[in-house]
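Have the structure open while you read.

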Amino acid sequence: MALKDLPEVESCEFIHIHEDIVKKVKGAMPGDETLYDLAELFRIFADSTRIKILYVLFEAEMCVCDIAQLLGMTQSAISHQLRALKQAKLVKFRREGKTVFYSLADDHVVTILAQGMEHVTE
C-alpha cells in the first residue's frame with residue numbers, strides 16, 4: 001500500500017488540551033506494572049502453538065500425550081508450551097495416577113478464547 005493510499009489521520013488544528021478528559025482517564029489508568037503484566041499476558045496469546053493448545057483445552061481436558069498426538073507435535077514441545085501457559089496462569093493440571101491432565105485455568109480464559117474466536121469469525 002502506497003503512502004498516498006493510507007487513510008488521512010485526524011489531527012488537531014490547534015493545540016487544546018481537554019483537561020477534564022485527560023484527568024479522568026489518567027485517574028482510571030492502571031499502574032505501569034499492571035499494564036506490563038497485561039502486555040505479558042497478551043504476549044503468551046501471540047504464539048500460534050500456545051493458541052492451539054488453549055483451544056484444544058477449551059474443548060476438553062487432555063494429557064500431554066493426547067495433545068501431542070492431536071497437534072502432530074512432540075511431547076517435549078507441548079510440555080515446553082504448557083510450562084509457559086502454567087506460569088501465565090492460563091492452564092491448570094491434575095494428576096490421575098501417573099498421568100497429568102491439563103485444562104483451562106478458569107472461566108476468564110474460556111471467555112478470552114470464546115470472545116477471540118467470535119471476533120475473528122465475524
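Predicted model: local features only at pLDDT ≥ 70, side-chain atom pairs only at ≥ 80, totals over all residues.

1. A word on pairing before the sheet comes up: two strands count as paired if DSSP finds at least two bridges between them. With that in hand, β1 and β3 (residues 99–104) pair in the antiparallel sense over two bridges.

2. Now the overall layout. The protein has six helices and three strands, and from the N terminus on the elements run α-α-α-β-α-α-β-β-α. Of the 122 residues, 22% are buried. The protein exposes about 9800 Å², and carbon and sulfur atoms supply 56% of that area. As for contacts between residues at least 6 apart in sequence, 47% of them join residues at least 24 apart.

3. Back to the sheet as a whole. It is an open sheet of three strands in the order β1-β3-β2, with antiparallel pairing. The edge strands are β1 (62–63) and β2 (91–96), each of which pairs on one side only. As a reminder, strands of a sheet pair through backbone hydrogen bonds, either parallel or antiparallel.

4. The hairpin they form has two residues between the strands, and G97 takes a positive phi near 65° in it. Helix α5 (residues 75–87) lies across β2 and β3, running at about 115° to β2.

5. How many salt bridges does the structure hold? There are three.

6. R43 and E40 meet through their side chains in a salt bridge, at 3.0 Å from N to O. Both residues lie in helix α2, three residues apart, about one turn of the helix. R43 is partly exposed because its relative accessible area is 44%. E40 also counts as partly exposed, at 27% relative accessibility.

7. E61 forms a salt bridge with R94, and the closest N and O atoms are 2.8 Å apart. E61 lies in the loop between α3 and β1 while R94 is in strand β2, so the pair ties together parts that are 33 residues apart in sequence. R94 also meets E96 in a salt bridge between side chains, at 2.8 Å from N to O. That leaves E61, R94 and E96 linked in a network of salt bridges.

8. Next, the surface. Which residues make the nonpolar surface patch of about 550 Å²? They are I21, V25, M29, L35, L38 and F42. The elements that give two or more residues to this patch are α1 (19–28) and α2 (32–45). α2 gives the most, with three residues. V25 is found in helix α1.

9. Is V25 buried, partly exposed or exposed? V25 is partly exposed, with a relative accessible area of 45%. Patches take residues with over 30% relative accessible area, so at 45% V25 clears that cut-off.

10. T49 is found in helix α3 (residues 48–59). Buried means under 20% relative accessible area, so T49, at 17%, counts as buried. Leaving out residues up to four places away in sequence, T49 touches M73 and Q81.

Technical notes. Residues numbered from 1 in each chain as written. Heavy atoms only, no water. Patch = residues over 30% accessible without salt bridge, like charges linked within 9 Å, V, L, I, M, F, W, Y side chains within 5 Å. Areas by Shrake-Rupley, 256 points an atom, 1.4 Å probe, with all protein chains shown as cover. Salt bridge = Lys/Arg side-chain N within 4 Å of Asp/Glu carboxyl O. Helix = DSSP H or I, 4+ residues; strand = E, 2+ residues; numbered from the N terminus. Buried < 20%, exposed > 50% of the residue type's maximum accessible area, 1.4 Å probe, protein only. Contact = heavy atoms within 4.5 Å. Axes fitted to C-alpha atoms, helices over the stretch in contact; angles between N-to-C directions.
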